[in-house]
Amino acid sequence: MSRDITRDAGGSTVATKPQPDTKPQEAQHEDSEQAPADPLGWLPLSGGAKKAAEWISVVVAIWLLLNAVGMIGAGFKMAAGDQAKELFSFAENPFVGLAVGILATAIMQSSSTTTSITVGMIAGGLPLEVAVPMLFGANIGTTVTSTLVALGLSGNKQQFHRAFSMATVHDFYNLLALAIFFPLEIFTGFLSKVSGVFAGSLAGEGDGVLAGIFEVIGDGVDAITEPLVNLAKFLVGPLGDVWGGIVLSIGGVVLILVVIGYIGKMLSALLVGRAQEMLHAALGRGPITGILSGAIITTAVQSSSTTTSLTVPLAASGKFKVKELFPFVVGANIGTTVTGLIAAFSASGVEAEAAMQGALVHTMFNVFGAIVIMSLPFLRALPPKGANWLATLADKNKWYVFIWVGGVFFALPLLAVLITNVFF
């Protein structure tokens with residue numbers, strides 16, 4: 001609320017009737033929602049010093065992430081020894097591994113976390129054939145956040161329909177990609193074979209200039225992570241190999257949960273305004289631009305949940321159609337795989353190549369999925385159509401929302417386990 005000031009004939013000021021603020025209430029509310037929380041708001045700093053402290057904290061958090069992955073690998077190796085395959089024999093069937101990945105990500109709401117933990121276990125000896133279905137499942141479980149954002153708009157029928165369509169188009173896309181590449185991987189090992197071609201060089205193994213460059217990077221990561229990981233191993237040493245390894249792995253998982261959550265919040269606070277500007281600039285310029293912007297923004301803020309949630313209110317407003325926003329969430333799937341690649345660099349020794357191969361499988365699954373689905377018009381049209389169909393059902397009864405979430409993220413994994421027990 002503002003107050004106009006005028007002067008009378010004698011020159012004295014006279015207050016006139018208060019005038020309402022020119023900015024609409026909806027815009028004020030939108031600004032308050034878009035302003036992310038500042039994780040370092042308690043620091044008595046401002047300006048350039050505050051910005052420097054924020055970026056330094058991100059660098060430290062990434063360093064802790066690398067250490068956490070190293071702790072999981074070291075702990076898993078201590079606890080399992082040479083029995084890693086036997087320890088995870090329950091997940092040898094790919095349907096069970098898929099179920100584990102979906103459930104873990106649906107609960108933690110971070111595919112980056114699930115991927116980092118899985119890469120750490122690969123570095124500790126988890127067989128790749130067990131880990132790959134878990135990485136596939138991580139893609140499915142990460143989309144619950146957008147659905148919850150859409151539920152916040154359930155008071156307006158038109159807005160809810162558009163918002164829920166936008167939230168679930170990601171689900172339908174991931175399920176379609178899974179339907180294509182999961183059977184292909186089971187029967188041919190396509191992604192594992194392709195990733196194996198590049199994994200050695202990226203892990204610093206083998207000959208050639210590329211392998212030499214990444215060997216230097218790997219040695220650098222080892223140098224900055226080994227002291228803390230070795231200290232953690234020393235501290236749990238009195239517990240023995242089994243219990244010490246379990247405690248070390250759990251500590252690594254907890255540290256990953258905390259660190260990835262912090263990185264997401266910190267980068268959102270630093271970059272979300274620019275992310276929104278890039279999103280607006282990319283909209284309506286074709287699928288390739290949308291995919292690239294989604295990948296770049298998600299790589300920057302390290303949270304696909306954050307970037308895909310940005311699209312829900314845009315769709316709800318009616319300014320942009322789901323088809324226009326759809327390529328952006330496809331790109332977000334690609335951008336979120338960077339965390340797994342970063343985590344793979346923390347592995348060393350004979351397991352380093354396997355860890356890198358696992359991270360590459362996750363990346364290639366998303367990249368090839370985008371290429372196949374977005375390049376074929378009849379496939380590209382399926383996720384928006386499916387999302388619109390589901391939103392129409394949800395308009396009639398909100399119970400369809402809960403049936404969808406419970407079915408895809410919890411009943412589907414349990415069904416996978418049931419199929420395993422009955423047919424295998």
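The accessible surface of the protein chain comes to about 20000 Å², as worked out by the Shrake-Rupley method with a 1.4 Å probe. Carbon and sulfur atoms account for 67% of that surface. Keep in mind that this is a predicted model, where local features need pLDDT of at least 70 and side-chain atom pairs count only at pLDDT 80 or more, while totals for chains, interfaces and linings use all residues. Residues are numbered from 1 along each chain as its sequence is written, and side-chain values use heavy atoms, with hydrogens and water left out.

Now for the inside. Of the chain's 424 residues, 49% count as buried, meaning under 20% relative accessible area with a 1.4 Å probe, protein chains only (exposed is over 50%, partly exposed in between). The largest nonpolar core has 82 residues, and Phe136, Phe164 and Ile256 touch the most other members. Such a core is a set of buried Ala, Val, Leu, Ile, Met, Phe, Trp, Tyr and Cys residues joined through side-chain atoms within 4.5 Å. Helix 8 (residues 157-188) gives the most to this core, with 13 residues; helices here are DSSP runs of H or I, at least four residues, numbered from the N terminus.

Let's zoom in on Ile256. Leaving aside residues up to four places away in sequence, Ile256 touches Leu65, Ala68, Val69, Ile72, Thr113, Ser116, Ile117 and Gly261, where a contact means heavy atoms within 4.5 Å.

And Leu257? This residue sits in helix 11 (residues 240-282) and is partly exposed, with a relative accessible area of 38%.

How values were computed: Helix = DSSP H or I, 4+ residues; strand = E, 2+ residues; numbered from the N terminus.
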